[in-house]
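Please look through the model shown here before reading my comments. I have kept them in numbered points, so that each can be checked in turn.

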Amino acid sequence: MLPVVPVTRYVTPLREGGSLPGIVEAEDLGTYVIKFRGAGQGVRVLVAEVVVAEIARRIGLRTPRLVVLDLDSEIARYEADEEVQDLLVASVGLNLGVDFLPGSFGFDGEVGGAGADVAAKVLWLDAFCANVDRSWRNPNLLVWHGDLWVIDHGASLYFHHGWPGGALEKEGAAERFAAQPWRMDDHVLAAHAGGLPAADAEVRDLLGPGDLPEVLALVPDAWLEAVPGAQSPDEVRAAYVAFLTARLATRSWLPLAGGGAR
């Protein structure tokens, strides 16, 4: 599992995101962007953040270090903003912490040198994980010390939002996700689609089915909610592994330079 670190101080909200993430300080003297379990999107967004960030790391992309932030109810007592206080109270317990990158700035569209290879690999990641939130309106990319960093993966892995209704129990659900094409028409890095074949060839040596259980092992039990067909945290982990393994076994989701899928 990810390391668990107690929060010592809530610093300020980040009002750019719809879920109202914030900046906090923690017992390890680190500064983190906190993503709250009590936000409207629920804990499945936190699961997607961990899973996709770890896959990104394993295929050679830069992404901020993650921790689990343990939020005590006492933190909310000193917050004057009523909206933030309500969110803090609703999020007591284990939340996601994303290492704060001081001095980083938003991606402006420029990639040079080896950056084109990185851009193609980001496209591969988003296609595999079905990420629908990396457009020019919201690139979810940072530049830090001259390198491109991928952040904010909560809009990935859409399939798990259907599980509470029993979709997990339907035969062939994983196979349908595996075959679902992904379109990159609105993607901020769509111009680098020509590098996808090379990126795919590189990823095949970096990510295999055996990696996926290790990826899911990082997710805390508290975020793996029981659903029909998977009652325990381990059963929910196994469901994620099954869906991702099925998608990894095909490339029908991989887009072509024209914006469509193979």
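Predicted model: local features only at pLDDT ≥ 70, side-chain atom pairs only at ≥ 80, totals over all residues.

1. Residues are numbered from 1 along each chain as its sequence is written, and side-chain values use heavy atoms, with hydrogens and water left out.

2. Helix α3 (residues 115-129) and helix α7 (residues 233-248) have axes that come within 10 Å and cross at roughly 125 degrees. This makes α3 oblique to α7, since angles under 35 degrees count as roughly parallel, over 145 as roughly antiparallel, 65 to 115 as roughly perpendicular and the rest as oblique. Axes here are lines fitted to C-alpha atoms, for helices over the stretch in contact, and angles run from 0 to 180 degrees between N-to-C directions; helices (H or I, at least four residues) and strands (E, at least two) are DSSP runs numbered from the N terminus.

3. Where these helices touch, W124, A127 and F128 of α3 meet L244, R247 and L248 of α7, contact meaning heavy atoms within 4.5 Å. The residues of this contact divide into 5 nonpolar, no polar and 1 charged; Ala, Val, Leu, Ile, Met, Phe, Trp, Tyr, Cys and Pro count as nonpolar, Asp, Glu, Lys and Arg as charged, and the others, Gly among them, as polar.

4. Buried means under 20% relative accessible area, exposed over 50% and partly exposed in between, with a 1.4 Å probe and protein chains only.

5. The structure holds 18 salt bridges, each a side-chain nitrogen of Lys or Arg within 4 Å of a carboxyl oxygen of Asp or Glu. One of them joins R9 and E25 (3.1 Å, N to O); because R9 lies in strand β1 (residues 4-13) and E25 in strand β2 (residues 22-26), this pair ties together parts that are 16 residues apart in sequence. R9 is partly exposed at 41% relative accessibility, and E25 is likewise partly exposed at 29%.

6. D186 forms a salt bridge with R137, with the closest N and O atoms 2.7 Å apart. D186 is partly exposed, at 38% relative accessible area, whereas R137 is exposed, at 70%.
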